[in-house]
Amino acid sequence: MIEASFVSLFPESTRSIVSASILGRAVTAGQLKINEIQIRDFATNKHKTVDDTPYGGGPGQVMKVDVVVAALRGAQKPDLKTCVILSDAAAKPFTQADAKRLAAYEHLIFVCGRYEGIDARIEHYVDESFSIGEYILTGGELPALVMLDAITRYVPGVLGNPESLDMESHADGLVEHRQYTRPVDFEGHTVPEVLLSGNHQKIEAARLLERQQRTVKK
């Protein structure tokens, strides 16, 4: 089992994803537990202020480090092996290798920023920072969900056929070969003959060659 805590101003925005498909089944089966941590609950003034204007000037608002760290500490469970993850568009790209490595933790805490981001001092309170691409999103919840989806697939029992992980894109540095099913011929677009041959040795060789060619091309 693995626990995932979303430290966020909009933790409810994750619910539709974690309740559907593989993640939803993992939750139902007790292989994945989701915790929602509302950052605003940790604000200390009567207005529940979570952001302020940036030092040095500039547009937008910056999330307050004291409030976010208080929420982060509220999410901690000292008895669990935990990794605190920050969604950060300026961080290193999240990879399949990261997903596999992080699945070994018992508790993942995703810190999700909004506005112009979180006060930079949050870096002293997280273990890892990741980006899912060179673009800006409204908040850190979507990147956190992307990462959790990739990580959860490595939790034992979550996938019906765990061997499929070995053949997926990026599992071994190559992208996956193309997949086909019925009908054999659709509007003149046909399934490669080798896949219909029944010769598994030839099929595997053809698939490996295609994986190599697609990796170079893409």
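**Entry 1. Ser5**

I began with the side chain of Ser5, which makes a polar contact of 2.7 Å with the side chain of His107. The model I am reading is predicted. The Ser5 side chain also has a polar contact with the side chain of Asn35, at 3.0 Å. I placed Ser5 in strand β1. Is Ser5 buried or exposed? I noted a relative accessible area of 1% for Ser5, so Ser5 is buried. Setting aside residues up to four places away in sequence, I listed what Ser5 touches: Asn35, Ile37, Ala75, His107, Leu108, Ile109 and Phe110.

**Entry 2. Ser8**

I stayed in strand β1 and looked up Ser8. Ser8 has 0% relative accessibility and therefore counts as buried. Which side chain does the side chain of Ser8 join in a polar contact? I found Glu141, with a polar contact of 2.5 Å between the two side chains. A polar atom of the Ser8 side chain also lies 2.8 Å from the backbone nitrogen of Phe10. Apart from neighbours within four places in sequence, Ser8 is in contact with Ile37, Gln38, Ile39, Cys112 and Glu141.

**Entry 3. Ile109**

Ile109 was on the list for Ser5, and I found Ile109 in strand β6. Its relative accessible area is 0%, so Ile109 is buried. Not counting residues up to four places away in sequence, Ile109 touches Ser5, Val7, Leu72, Ala75, Gln76, Thr82, Cys83, Val84 and Ile85. I also took one distance: Ile109 and Arg214 are 105 residues apart in sequence, and their C-alpha atoms are 35 Å apart in space.

**Entry 4. Ile85**

From Ile109 I went to Ile85, which it touches. Ile85 lies in strand β5. At 0% relative accessibility, Ile85 is counted as buried because the limit is under 20%. Beyond its neighbours within four places in sequence, Ile85 is in contact with Leu102, Leu108, Ile109, Phe110, Val111, Glu128, Phe130 and Met147. Gly74 is 11 residues from Ile85 in sequence, and the C-alpha to C-alpha distance is 15 Å.

**Entry 5. Nonpolar cores**

How many residues does the largest nonpolar core have? I noted 26 residues; those with the most contacts inside this core are Phe6, Ile85, Phe94, Leu102, Leu108, Phe110 and Ile151. Two or more residues each come from β1, α2 (21-28), β5, α4 (96-102), β6 and α5 (141-152). The largest share, six residues, is from α5. I then looked at Ile151: leaving out neighbours within four places in sequence, Ile151 is in contact with Ile2, Phe94, Ala99, Leu102, Ala103, Leu108 and Phe110. There is a second, separate core of 21 residues, and Leu9, Val50, Val69 and Ala75 are among them.

**Entry 6. Helix α3**

Two of those names, Val69 and Ala75, took me to helix α3, residues 65-75. Which residues of α3 are buried? I listed Val65, Val67, Val68, Val69, Ala71, Leu72 and Ala75. The elements that cover these buried residues include β1 (2-8), β2 (32-38), β4 (62-63), β5 (82-93) and β6 (107-111).

**Entry 7. The largest pocket**

The largest pocket has a volume of about 520 Å³. Its lining has 25 residues, and the closest to its centre are Ser87, Asp88, Ala89, Glu116 and Gly117. By class, I counted 12 nonpolar, eight polar and five charged residues in the lining. Both β5 and β7 (128-131) supply at least two residues of this lining. The largest share is four residues, from β5.

**Entry 8. Backbone angles**

Most residues other than glycine have a negative phi, and most peptide bonds are trans. I noted some exceptions. Ser21, not a glycine, has a positive phi of about 55°. Ser21 lies in helix α2 and counts as exposed because its relative accessibility is 53%. Lys48 likewise has a positive phi, near 55°. I placed Lys48 in the loop between β2 and β3 (51-52); at 35% relative accessibility, Lys48 counts as partly exposed. What is the peptide bond from Arg182 to Pro183, cis or trans? I found this bond to be cis, with omega near 5°. Pro183 is in the loop between α5 and β8 (185-186).

Methods:
Residues numbered from 1 in each chain as written. Predicted model: local features only at pLDDT ≥ 70, side-chain atom pairs only at ≥ 80, totals over all residues. Heavy atoms only, no water. Buried < 20%, exposed > 50% of the residue type's maximum accessible area, 1.4 Å probe, protein only. Contact = heavy atoms within 4.5 Å. Polar contact = N/O pair within 3.5 Å; in protein donor to acceptor, adjacent residues only side chain to side chain. 1 Å grid on protein atoms, 1.4 Å probe; cavity = no way out; pocket = protein on both sides within 12 Å on 5 of 7 lines; lining within 4 Å. Points joined across faces, edges and corners; volume = space filled by probe spheres on them. Nonpolar A, V, L, I, M, F, W, Y, C, P; charged D, E, K, R; others polar. Core = buried A, V, L, I, M, F, W, Y, C linked by side-chain atoms within 4.5 Å.
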